[in-house]
Amino acid sequence: MSNLVLIVSDRAEEAEALRNVLPQAIDGPFDIEWVRTLARAMQRLTGDGIDIVLMDFFLPDSKGMRTFDQLFEAAAPVPIMTLVTEGEMDLAQEAVQRGAQGYILKGHFRNALLPQALRNTIHRKQVEDALFIEKERAAVTLDSIVDGVISTDSEGRITYLNNTAERMTGWAKAEAIGHPVAEVFPLVDNINRKSFNDPVVQVIQEMRPLALRADALLVRRNGQEAAIEDSVAPIYDRRGKIRGAVIVFRDIGPAQALMVQKMTYQAHHDSLTDLPNRILLIDRLEHAIALAKRNGTTLAVLFLDLDNFKNINDSHGHATGDQLLASVAQRLLNCIRASDTVSRLGGDEFVILVTEERHAEAAAHTAEKIIASLAQPHRIQQYAFHITASIGISTFPADGEEADTLIRNADTAMYYAKKKGRNNYQFFNAAMNRRAVERQFIEVGLRRALEAQEFSLYYQPKVNLKTGKITGVEALLRWHHPERGLMLPGDFVSIAEDCGLIVPISRWVLREACRQTKLWLEAGFKPISTAVNISALAFHNQNFLQDLRDILQETALDPACLELELTESVLMPDSQFSNEILQTLKSIGVKLAIDDFGTGYSSLSYLQEFPIDVLKIDQSFVRGIPELARNRIIVTAVTGMGISLKYRVIAEGVETRKQFSFLTSLECDEGQGNYFSPPLAADRCTRLLKTGIAENLLH
Ligand SMILES: Nc1nc2c(ncn2[C@@H]2O[C@H](COP(=O)(O)OP(=O)(O)OP(=O)(O)O)[C@@H](O)[C@H]2O)c(=O)[nH]1
């Protein structure tokens with residue numbers, strides 16, 4: 001598109017010279033219009049289409065600066081350049097100061113830079129106009145919307161407020177500019193009136209927008225508060241550098257503010273007990289840590305888990321469980337100061353934040369108070385419930401400087417309180433952490449071990465003490481850990497129980513033992529039975545009986561060749577339930593043995609009640625015989641009792657000829673232990689089944 005140049009000059013030779021140069025210019029094209037007088041020029045400028053004016057100061061109807069002033073007023077916003085001689089430079093300079101875009105020296109029209117200068121001037125003016133319109137449009141838009149808009153520079157100082165922002169903050173734009181945003185736009189949390197971290201600083205530091213948040217109160221200049229929702233976004237320049245931030249916010253009105261406040265409250269509190277939940281606890285804890293750091297004080301975190309709470313739910317129903325939890329919450333609140341926090345993390349877990357302790361150990365006092373308070377009966381409906389709790393304590397700064405670490409370490413200490421028999425409290429120590437890390441390592445390994453086929457079964461023979469024949473084997477689990485090598489059950493079973501992995505592991509053990517026994521039977525080793533240990537969790541698992549039936553069917557093993565070993569502690573807590581399962585097991589046809597007899601309840605009455613075939617005397621009693629009188633008496637009594645009740649009695653842990661001889665003299669049926677053979681991998685056990693126990697060991 002060509003540009004139209006209006007030449008305002010009375011000198012024909014000048015107009016002619018420009019006419020000769022401009023239409024052919026490479027930077028063009030330019031079209032030319034020429035007028036001789038100011039009046040004609042003014043008239044022409046009332047119409048459209050002129051892109052630039054080139055004017056002489058001296059015209060027939062106007063002279064000097066007046067010519068420029070008149071034209072400038074009529075031409076706006078068309079750019080003007082003046083045509084001057086060297087003697088008129090002063091006029092040219094003054095015109096530039098008054099708004100001219102520049103000047104052209106007469107006699108230099110052939111200069112190649114002239115068209116370029118004209119084109120640049122026209123272009124610059126066009127850009128300026130577009131920018132002006134753009135700014136105007138933005139300003140008008142921003143001033144007409146109902147949202148407040150504030151922008152800042154990269155230091156967080158105000159650079160702009162729209163009308164709504166002026167009204168809502170109480171600051172006029174002119175006053176606010178240059179002030180820190182936190183001064184003009186101060187925000188507090190609508191739950192506890194705590195100041196928010198400056199969102200602009202955060203956006204500039206993190207270089208990403210902050211999403212809309214609806215739980216903020218804007219404190220106006222006059223001190224009034226307004227519930228708002230706001231978002232903040234960074235402003236970048238063309239190089240991607242942060243130049244500031246823009247805040248957009250709106251007044252959400254009292255009804256919505258109330259709803260938001262309610263929702264915010266719900267998001268921070270537990271609905272059952274109305275206590276702060278984990279989110280609010282972490283917030284308070286972080287705040288308390290910051291304060292303790294500043295003041296050099298300490299604080300303690302008490303992690304509390306009710307003992308055997310599941311039993312209450314199971315026996316009285318979830319609703320009663322809920323009421324008990326609410327009662328516990330109330331007791332906990334009564335044990336602490338108003339400045340402390342009791343929170344419920346979920347389930348039967350509570351965390352208590354005790355602040356401003358002079359000595360962290362003072363938390364023990366709170367723990368004792370809590371334990372004593374919870375011990376009082378809780379009256380719910382017509383019942384009085386007795387409940388205890390285990391508490392772990394971590395202290396700041398000794399046990400961690402982060403909220404998460406303190407809670408985690410208190411949780412670890414709580415776990416040890418459970419291990420110590422429940423109803424007590426334990427302070428966290430670093431050794432616990434090492435053990436917790438170790439447990440974690442084992443647990444992670446266990447989760448992989450089944451799939452990675454890292455388990456195997458070893459078998460230890462049981463020997464008839466009269467005939468010396470092998471009557472069966474006990475299957476013993478081994479874990480070939482890729483880093484630790486061979487691991488025994490004592491290293492990992494309790495962890496597998498804690499994380500529930502014992503159930504699939506037990507299923508694998510049962511299947512593998514049945515499969516191997518079937519192989520031995522098919523190979524002609526008869527009669528032989530294999531004993532498998534059943535843990536409490538596996539025994540109480542609701543799929544236990546069905547799994548067992550499936551495995552027996554799958555492996556086609558005669559159930560009489562499978563012996564299940566159960567400890568007294570598995571059976572006794574709920575003997576009626578146990579008896580029902582044992583009767584079913586009996587009807588399936590498997591043999592039942594009481595393992596580790598003598599270490600647990602050793603109740604004779606249940607022995608008669610349960611359909612048991614075998615009594616296994618625990619190796620701790622066999623160890624000292626015949627020299628150790630106490631053990632000698634126990635082994636003698638248990639063997640005699642077992643025989644008279646018509647059980648097969650098996651002594652575990654036989655290691656010496658003396659023990660073997662003594663057990664034989666008692667007419668104990670069978671023995672098991674390293675004296676006859678250590679536990680062996682399946683192939684070596686197969687060889688032993690072929691050769692039998694060495695003759696010299698038996699006589
Ligand atoms: N009534 C009720 N029970 C819950 C709620 N949330 C979780 N529970 C139950 O609380 C029990 C928590 O049990 P645990 O802490 O794992 O075990 P426990 O029986 O207390 O035994 P220990 O902690 O080992 O002493 C589980 O049975 C959950 O089902 C709840 O909101 N209300």
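The structure is a predicted model. The crossing of α18 and α20 is right-handed. On the side of α18, the contact is made by Arg507, Leu510, Arg511, Cys514, Arg515 and Lys518. On the side of α20, Asp547, Leu548, Ile551, Leu552 and Thr555 take part. By class, the contact of α18 with α20 contains 5 nonpolar, 1 polar and 5 charged residues.

A second pair of helices, α16 (residues 430–449) and α17 (residues 489–498), packs at an angle of about 80°. Angles of 65 to 115 degrees count as roughly perpendicular, and α16 and α17 are therefore roughly perpendicular to each other. The axes of α16 and α17 are 10 Å apart. In this contact, Arg439, Ile442, Glu443 and Leu446 of α16 meet Phe492, Ile495 and Ala496 of α17. The residues of the contact of α16 with α17 comprise 5 nonpolar and 2 charged residues, with no polar ones.

The crossing of α13 and α14 is right-handed. Val328, Arg331, Leu332, Asn334 and Cys335 form the α13 side of the contact, while Thr366, Lys369, Ile370, Ser373 and Leu374 form the α14 side. The contact of α13 with α14 is made up of 5 nonpolar, 3 polar and 2 charged residues.

Asn308 is placed in the loop between β12 and α12. The phi angle of Asn308 is near 50°, a positive value in a residue other than glycine. Asn308 has 12 other C-beta atoms within 10 Å and is therefore exposed, since 12 or fewer is the condition for this class. Gln381 likewise is not a glycine and has a positive phi, of about 50°. Gln381 is found in the loop between β15 (378–380) and β16 (383–385). With 10 C-beta neighbours inside 10 Å, Gln381 counts as exposed.

Cis peptide bonds were found at two prolines, described in turn here. Phe396 and Pro397 are joined by a cis peptide bond with omega of about 5°. Pro397 lies in the loop between β17 (389–396) and α15 (403–419). A cis peptide bond also joins Ile625 and Pro626, and here omega is about 0°. The loop that holds Pro626 runs between α24 (619–622) and α25 (629–644).

Leu582 is located in helix α22 (residues 575–588). Leu582 counts as buried because it has 21 C-beta neighbours inside 10 Å, and a residue is buried if 20 or more lie within that distance. When residues up to four places away in sequence are not counted, Leu582 touches Leu592, Phe610 and Pro611. Leu582 and Leu571 are 11 residues apart in sequence, and their C-alpha atoms are 9.3 Å apart in space.

For the chain as a whole, 35% of the 699 residues count as buried. The chain has 28 helices and 28 strands. Among the contacts in the chain with a separation of 6 or more, 60% are between residues 24 or more positions apart.

How values were computed
Residues numbered from 1 in each chain as written. Predicted model: local features only at pLDDT ≥ 70, side-chain atom pairs only at ≥ 80, totals over all residues. Left-handed = near helix turned anticlockwise from the far one by under 90°. Helix = DSSP H or I, 4+ residues; strand = E, 2+ residues; numbered from the N terminus. Contact = placed C-beta atoms within 7 Å. Nonpolar A, V, L, I, M, F, W, Y, C, P; charged D, E, K, R; others polar. Axes fitted to C-alpha atoms, helices over the stretch in contact; angles between N-to-C directions. Parallel < 35°, antiparallel > 145°, perpendicular 65-115°, else oblique.
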